[in-house]
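Please keep the sequence and the structure in view while reading.

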Amino acid sequence: MGGQQYRPPLFSVAPMMEWTDTHYRTVARIISKHAWLYTEMLAAETIVYQQENLDRFLAFPSEQHPIVLQIGGNNLDNIAKATQLANAYGYDEINLNCGCPSAKVAGHGCFGVRLMLDPKFVGEAMSVIAANTDVPVSVKCRIGVDDHDSYNELCDFIYKVSSLSPTKHFVIHSRKALLNGISPADNRRIPPLKYEYYYALLRDFPDLRFTINGGIDCVDEVNAALREGAHGVMVGRAAFNNLWSTLAHVDSAVYGVPNSGLTRRKVLEQYQVYGDAVLGTYGNNRPNIRELIKPLFGLFYCEPGNNLWKRRADAAFLMKNITTVKSFFEETLVAIPDAVLDSPVAELPSGRKDLFANVRGLLPPPYETRAEEVVLYAAQYKA
């Protein structure tokens, strides 16, 4: 399809394992027509070894465009094959995961954020991906790994990957990763955010495009990052946990599109049609009611009736007479007041005013490229 026909990725929803599946992306697209959506990370090996079952992993409704496929892996042959297999599904961009700190990913060979320690391989992998697709390619990474966390080391990674491959877009999670056994959740909390590294990249690599990620929790903060010069902003957990309040403002507040008049009830009516159409389509009762309802748990965040609705939902999952999304809604939505279901999008919530305070005054010294190293890397790659 090619992402150029869509509005630019000023706002995107981060790839999140077990969260940004096709069901979540469907409800997200109902709410926002212009946000860029990312798949969960899919291992290249999974794509290659599931060739007879690819629809389960790669298929998506056409309404989900613009959509980016994120893949992970450390085997060039499998990365190439996975890219070729994904082409038939028409993703708008392919992104390589170089940022996941999960022990299941980073600890398995050289996978996820550990790839940042081998920019030559990442350059090769991105060249392989680009050679096997016609859509743009990108990298999602952290600002560093363990003690390899200086600004110059981050720049070395960016410079080498972009010099050895056609990669022109990097999504920067503005925390480093710690691979000393802490959990992925702690890796999103403990390492400090260094937005100054991101904004320094804009200064030092004017020919590249950078999306900022990490610690940005609402559209007001997204716009603050954009006003400071960010090319694009990626939001993670807030776009899932506070689904309505986050995504319902994207089109109007970020993209300047007139408000659609959408309400939560209208979202659920559209999602019900989708849910009942796909229920059980992969066999063995997959997807089931629970899987289809999971993305909706952030729809009533902090609203009256939210906790009661979740309790009724837990009970409904066990009821034998709840066999459709429609019957699930009939059983549970009585917990939500009509005023909540039918209210238009509220005013844009305020974000933290100091999130990017003095970021320009904190910028590290300009990066001095080490061209001789890249020439050496390129010579090795061509050999």
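Predicted model: local features only at pLDDT ≥ 70, side-chain atom pairs only at ≥ 80, totals over all residues.

Q: Is Thr 83 buried or exposed?
A: Thr 83 belongs to helix H4, which covers residues 76-87. Leaving aside residues up to four places away in sequence, Thr 83 touches Ile 71, Ile 94, Ile 129, Asn 132 and Thr 133. Its relative accessible area is 1%, and because the cut-off for this class is under 20%, Thr 83 counts as buried.

Q: Is the pair of Tyr 271 and Tyr 274 tilted or edge-to-face?
A: A search of the whole structure finds 17 aromatic pairs. For Tyr 271 and Tyr 274, the ring centres are 5.5 Å apart and the planes meet at 40 degrees. Since planes under 30 degrees apart count as stacked and those over 60 as edge-to-face, the pair is tilted.

Q: Which helix holds both Tyr 271 and Tyr 274?
A: Tyr 271 is buried, with a relative accessible area of 0%, and Tyr 274 is also buried, at 13%. The two residues are 3 residues apart, about one turn of the helix, and that helix is H14 (residues 264-278).

Q: Is the pair of Phe 297 and Trp 309 stacked or edge-to-face?
A: The ring centres of Phe 297 and Trp 309 lie 5.5 Å apart, with the planes at 70 degrees. The pair links distant parts of the chain, with Phe 297 in the loop between helix H15 (289-293) and helix H16 (306-316), and Trp 309 in helix H16, 12 residues apart. Phe 297 is partly exposed, with a relative accessible area of 24%, whereas Trp 309 is buried, at 0%. Because planes over 60 degrees apart fall into this class, the pair is edge-to-face.

Q: At what distance from the ring centre of Trp 19 does Lys 294 lie?
A: Lys 294 is placed over the face of Trp 19. The distance from the ring centre is 5.1 Å.

Methods
Residues numbered from 1 in each chain as written. Heavy atoms only, no water. Helix = DSSP H or I, 4+ residues; strand = E, 2+ residues; numbered from the N terminus. Buried < 20%, exposed > 50% of the residue type's maximum accessible area, 1.4 Å probe, protein only. Contact = heavy atoms within 4.5 Å. Phe/Tyr/Trp six-rings, centres within 6.5 Å; stacked < 30°, edge-to-face > 60°. Lys NZ or Arg CZ within 6 Å of the ring centre and 35° of its normal.
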